[in-house]
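Please read the explanation below alongside the sequence and the model. It goes from single contacts to the chain as a whole.

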Amino acid sequence: MGIIKEPKEVYLTVESRPLKKDEVKLINDYIKSEKSKKRNTLLRKKTRAKSKVN
């Protein structure tokens, strides 16, 4: 990993902290909902394509 040079007069500060349990739950719930939305749209497209063929 290389060294990141900061532009003049710009100071970058990164502070990482562990996530709290409720934050982890919110992130997991969001990911699950997005996956289910994607899955549902793919299923709809497939069923529409099948119905057009029949």
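E23 has a relative accessible area of 22% in this predicted model, and because buried means under 20%, E23 counts as partly exposed. The side chain of E23 meets that of R17 in a salt bridge, with an N to O distance of 3.0 Å.

D29 and K25 are 4 residues apart in helix α1, so about one helical turn separates them. With a relative accessible area of 37%, D29 is partly exposed.

The other pair is E34 and K37, whose side chains form a salt bridge at 3.4 Å, N to O. Both E34 and K37 belong to helix α1, where they are 3 residues apart, about one turn of the helix. E34 has a relative accessibility of 32% and therefore counts as partly exposed. The count of salt bridges for the protein comes to 3.

The surface also carries a nonpolar patch. Which residues form this patch? The patch consists of L19, V24, I27, Y30 and I31, and together they have about 460 Å² of accessible area. One of them, I27, lies in helix α1, which covers residues 21-53. At 41% relative accessibility, I27 is partly exposed.

What remains is the chain as a whole. How many helices and strands are there in the protein? The protein has 1 helix and 0 strands; the helix is α1, residues 21-53. Of the 54 residues in the protein, buried residues make up 0%.

Note on methods: Residues numbered from 1 in each chain as written. Predicted model: local features only at pLDDT ≥ 70, side-chain atom pairs only at ≥ 80, totals over all residues. Heavy atoms only, no water. Patch = residues over 30% accessible without salt bridge, like charges linked within 9 Å, V, L, I, M, F, W, Y side chains within 5 Å. Areas by Shrake-Rupley, 256 points an atom, 1.4 Å probe, with all protein chains shown as cover. Salt bridge = Lys/Arg side-chain N within 4 Å of Asp/Glu carboxyl O. Helix = DSSP H or I, 4+ residues; strand = E, 2+ residues; numbered from the N terminus. Buried < 20%, exposed > 50% of the residue type's maximum accessible area, 1.4 Å probe, protein only.
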